Amino acid sequence: MRKYIFEELDSTNNFLRDKKDLQEYDLVVARTQTSGKGRRGNQWRSDEGAALFSFALKKDKNLDLKEYRKLPLVAGLSVLKGLSDLEDLEFQFKWTNDVYVGGKKISGILVEMIGDFFIIGIGINVNNKEFGELSERATSLSLETGKEYDIQGIVMGVVNEFKLQYGRLLKGEWSELKSEMNCLNYLKGRRVSVQLPDRIIDGIAGDIVEDGMLELNTGVETMKLDIGEVHIKF
Ligand code: BTN
C-alpha cells in the first residue's frame with residue numbers, strides 16, 4: 001500500500017482521480033483541503049484537525065457491478081467500527097454513508113467511480129472543534145470526549161477496518177453486514193422527508209434491506225429508497 005501525505009490539497013479524491021499510475025489501496029491524506037467535496041456537489045468543510053483521506057479500490061471481476069452500490073454502506077460501517085475501537089461512544093450509521101454520534105454528524109463519505117477504480121473519500125471530524133453554522137448538526141471526537149487524537153492512527157485503523165469489511169462483502173456476507181448496520185441504524189423509526197428528482201415524500205424510515213436500499217413507510221405503502229437524499233424532519 002502506497003501512502004501519500006500532504007499539508008494541503010484541493011481534494012484527496014481529486015488527487016487519486018488524477019493519479020496516472022493508480023494502484024489498489026493507494027492512500028492519500030491531507031491536513032487541509034481547499035475544495036473538499038461532499039456528496040451531491042456540496043462542499044466539505046476541511047479544517048485542520050479533521051481526518052481527510054481517500055483510498056483507491058480496484059473493481060473485483062468476481063463481484064457484480066451492482067454489488068458495488070453497497071460500497072458506501074460498507075465504508076460507513078468501517079468508519080463506525082474503526083471509531084468504536086477507539087472510543088466507547090454511541091456511534092450510529094446513517095444510511096447511506098454517514099456516521100453520527102449524539103444526533104450529530106461526525107463523518108461523511110464520498111465514493112466516486114473512476115475507470116476501473118472506486119475512490120473512497122472519507123472525512124472524520126477528529127480534533128477540529130469549530131463548525132460555525134453547522135454546529136447544531138456536526139460534532140467531532142474531541143468535542144465528544146475532550147481528548148486529542150493521532151489522526152494518522154485513525155486513518156490506518158479505518159482503512160484496515162475497511163479491508164476486513166470489504167473482504168466480508170466479497171465472501172458473500174452481505175446479510176450479516178446488513179444486520180450489523182440495522183442494529184446501528186440512525187434513521188430507523190424517524191420521520192424523514194426524502195428529496196427525489198421530481199418530488200419530496202414523507203414517511204417513517206425502516207430497515208436497510210437487500211441491495212442496500214432503505215425502507216420508507218409513507219402510511220400508504222412501504223417503499224424502498226435507493227436514490228435521493230434523506231432529510232430528517234425536526
Ligand atoms: C458528505 O458527507 O457529503 C461526504 C463528505 C466526504 C468528504 C471527504 S474529505 C476527504 C475526501 N476528499 C474530498 O474532497 N471529499 C472526501
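**Note on the predicted model**

1. Helix H2 covers residues 71-86, 16 residues in total. Its span from first C-alpha to last is 23 Å, close to the 22 Å expected at 1.5 Å a residue. The model is a predicted one.

2. H2 is largely enclosed by the rest of the structure, because 12 of its 16 residues are buried. Among them are Leu71, Leu73, Leu77, Leu80 and Leu83. Val74 and Val79 are also on the buried list.

3. Now the chain as a whole. Its secondary structure amounts to 5 helices and 12 strands. The radius of gyration is 17 Å, close to the 17 Å from the globule rule for 234 residues, so the chain is as compact as a globular protein of that length. Along the principal axes, the C-alpha atoms fill a box of roughly 50 × 45 × 35 Å.

4. Of the 234 residues, 50% are buried. Among contacts with a separation of 6 or more, 59% are between residues 24 or more positions apart.

5. Surface and charge. The chain has an accessible surface of about 11400 Å². Carbon and sulfur atoms account for 47% of that surface. There are 33 positive and 38 negative charges, and their mean positions lie 2 Å apart.

6. Arg168 deserves a look. It sits in helix H4, residues 151-170. With a relative accessible area of 14%, Arg168 falls under the 20% cut-off and therefore counts as buried. Leaving aside residues up to four places away in sequence, Arg168 touches Lys81, Glu173, Glu176, Leu177 and Glu180.

7. Check the peptide bond between Trp95 and Thr96. The bond is cis, with omega at about 10 degrees. Thr96 lies in the loop between strand E4 (91-94) and strand E5 (98-101).

8. Tyr25 is not a glycine, yet its phi is positive, at about 65 degrees. The residue belongs to the loop between helix H1 (12-17) and strand E2 (27-33). Tyr25 is buried, with a relative accessible area of 12%.

9. Asp211 also has a positive phi, about 65 degrees, although it is not a glycine. Its loop runs between strand E9 (200-208) and strand E10 (214-217). Is Asp211 buried or partly exposed? Asp211 is partly exposed, with a relative accessible area of 37%.

Notes
Residues numbered from 1 in each chain as written. Predicted model: local features only at pLDDT ≥ 70, side-chain atom pairs only at ≥ 80, totals over all residues. Heavy atoms only, no water. Helix = DSSP H or I, 4+ residues; strand = E, 2+ residues; numbered from the N terminus. Rg over C-alpha atoms; globule rule 2.2 N^0.38 Å. Buried < 20%, exposed > 50% of the residue type's maximum accessible area, 1.4 Å probe, protein only. Contact = heavy atoms within 4.5 Å. Areas by Shrake-Rupley, 256 points an atom, 1.4 Å probe, with all protein chains shown as cover. Lys, Arg positive; Asp, Glu negative; His and termini not counted. Charge placed at Lys NZ, Arg CZ, Asp CG, Glu CD. Expected span 1.5 Å × (residues − 1).
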